[in-house]
Amino acid sequence: MAKKKILLTGATVAVQFISALIASQAASVKNASISVLVRGEEQARVLQEKGLRTINFKGFDDDSTIKKAASEHDIVINTASGFEAGLAASLIRGLGDRKNALGVDVHYIHTSGTTNYANSPTLNLYQGYAAATISDKATTQVVSTLRQLNEASPYAQRTTDLTVLAVGKEAGVNTHIITIPMLFGFGTGFFRKLSGQLPILMDEALRARQVWIVGDGVGVKQHIHVEDAAAVYELVLKRVLEGLDVPSGKEGIMFVENGSHSWNEAGEALAKAGKSLGALDTEQVKRLTLEEAAKTLGIDDINYVEVAYASTSRVSAETARSFKWQPKWPKGSIWEFIEPEWRAVLEERK
Ligand SMILES: NC(=O)c1ccc[n+]([C@@H]2O[C@H](COP(=O)([O-])OP(=O)(O)OC[C@H]3O[C@@H](n4cnc5c(N)ncnc54)[C@H](OP(=O)(O)O)[C@@H]3O)[C@@H](O)[C@H]2O)c1
């Protein structure tokens, strides 16, 4: 059987994932050839040293390079951005071209985020929407929630999911949307080791010498250790390579989660650890309004500030669990990482 060709995009999530792939013991994964779409020479050099093929591109608008690269592969895993509908469409169309030319089965594995299903507690953008737990097995509810929320207030990451579904269907490409919550923990990748909102909140707290959160802090955010998220990508890829059933299209929207925290809990833990390390002046957590947070973060889009810093979203990862995915890090592990992540951020910012 011809060697399957895999194309990866992205740095943090993907690079974590690349190291998991290199270490993978699965014969199907070991036999595949892996290329990575990169825009930096340093990244290309490091990845080539690891035995990976790299393809240079200029950025998300480099449609012709992206499409051509995808057309040379059987499987694309896009972890670069869940907010770029154009990037997703170019990758899927490239795969569609390969399918038309060679008649082979092609798969697009996309990265999205659970904030697509978040409520809007302050701006009240989605009247009557309570963000009750939604399972990835409830396909009709998942897709209608995406559509209804996006009609009420467009959000680029949701628009991109809907684009993936539409372009995948039109191009005859199997699409799988891995929807992740907030990442925590240290990646074993070759570039950035930290990801997600904790380091952002730490950076902001360092600037203000005090942790701040937005609004009343009662919103609930789910989380996952970066290694456990990478394991879902590996599992989906392995199943695709081995010809096992993996839902695609609307059914292929898959959630990842293992545990949750409120913004208040995160703020208090960050403040306590930051103060004990001497990085902050106080353990008190400051509360900002959406407008104040937008100004502090330098973000114009107040809807984004609400969704990313003050909302609740709850999903249930039934599909991955039905494939025997078992998170290695038990619920509550996030709290063990607050101090080490603080130390890493302080080290990086020295
Ligand atoms: N991290 C999380 O906690 C989290 C949670 C939920 C969902 N997600 C989803 O995962 C996606 C990726 O997250 P991440 O944390 O891995 O992000 P990241 O570390 O910031 O990585 C972004 C990647 O996109 C590339 N990139 C950014 N702007 C680009 C541009 N204009 N042209 C070409 N490449 C560009 C970067 O390339 P360079 O290395 O060259 O800069 C990098 O490889 C997010 O968009 C989101 O949809 C992440």
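His 176 is found in strand 7 (strands are DSSP runs of E with at least two residues, helices are runs of H or I with at least four, and both are numbered from the N terminus). Leaving out residues up to four places away in sequence, His 176 touches His 107, Tyr 108, Ile 109, His 110, Val 240, Val 246, Pro 247, Ser 248, Gly 252 and Met 254, where contact means heavy atoms within 4.5 Å. Its relative accessible area is 0%, so His 176 is buried (buried means under 20% relative accessible area, exposed over 50%, and partly exposed in between, with a 1.4 Å probe and protein chains only).

A word on ground rules: this is a predicted model, where local features need pLDDT of at least 70 and side-chain atom pairs count only at pLDDT 80 or more, while totals for chains, interfaces and linings use all residues. Residues are numbered from 1 along each chain as its sequence is written, and side-chain values use heavy atoms, with hydrogens and water left out.

| Strands | Bridges | Residues opposite each other |
|---|---|---|
| Strand 2 (33-38) and strand 3 | 4 bridges | Val 36 and Thr 54 |
| Strand 4 (75-78) and strand 5 | 4 bridges | Ile 75 and His 107 |
| Strand 5 and strand 7 (174-180) | 7 bridges | Ser 112 and Thr 179 |

To get from strand 4 to strand 5, the chain passes through helix 5 (residues 85-102), and this β-α-β crossover is right-handed. Right-handed here means that, with the strands pointing away from the viewer, the path from the first strand over the helix to the second runs clockwise.

How many residues of strand 5 (107-113) are buried? The count is 7 of its 7 residues. In a regular strand the side chains alternate between the two faces of the sheet. For strand 5, one side carries His 107, Ile 109, Thr 111 and Gly 113, the other carries Tyr 108, His 110 and Ser 112, and both faces are covered.

Over in strand 4 lies Asn 78, which is buried with a relative accessible area of 0%. Asn 78 touches Thr 9, Leu 87, Ala 88, Leu 91, Tyr 108, Ile 109, His 110 and Thr 111, again not counting residues up to four places away in sequence.

A second open sheet has 3 strands in the order 8-10-12, and its pairing is mixed. Strand 8 (182-184) and strand 12 (260-262) are at the edges, each with a single partner strand, so one side of each is left without a neighbour in the sheet. Neighbouring strands in this one are turned by 40° against each other on average, direction ignored. Strand 10 (residues 220-225) pairs with strand 12 in the antiparallel sense over 3 bridges, and Lys 221 has His 261 as its bridge partner in strand 12.

Which residues of helix 14 (338-348) are buried? They are Ile 338, Glu 341, Trp 342, Ala 344 and Val 345. These residues cover an arc of only 165° around the axis, which puts them on the same side of helix 14; the arc is that of the directions from the helix axis to the C-beta atoms. Their cover includes strand 8, helix 8 (197-208) and helix 10 (263-276).

## Aromatic rings

The structure holds 9 aromatic pairs (rings of Phe, Tyr and Trp, the last by its six-membered ring, pair if their centres lie within 6.5 Å; planes under 30 degrees apart count as stacked, over 60 as edge-to-face and the rest as tilted). One of them joins Tyr 126 and Tyr 129 edge-to-face, at 6.2 Å centre to centre and 90° between the planes. Tyr 126 is buried at 9% relative accessible area, whereas Tyr 129 counts as partly exposed at 23%. Ring pairs also link Phe 184, Phe 186, Trp 329 and Phe 337 into a cluster.

Conventions
Two strands pair if DSSP finds at least two bridges between them. Axes are lines fitted to C-alpha atoms, for helices over the stretch in contact, and angles run from 0 to 180 degrees between N-to-C directions.
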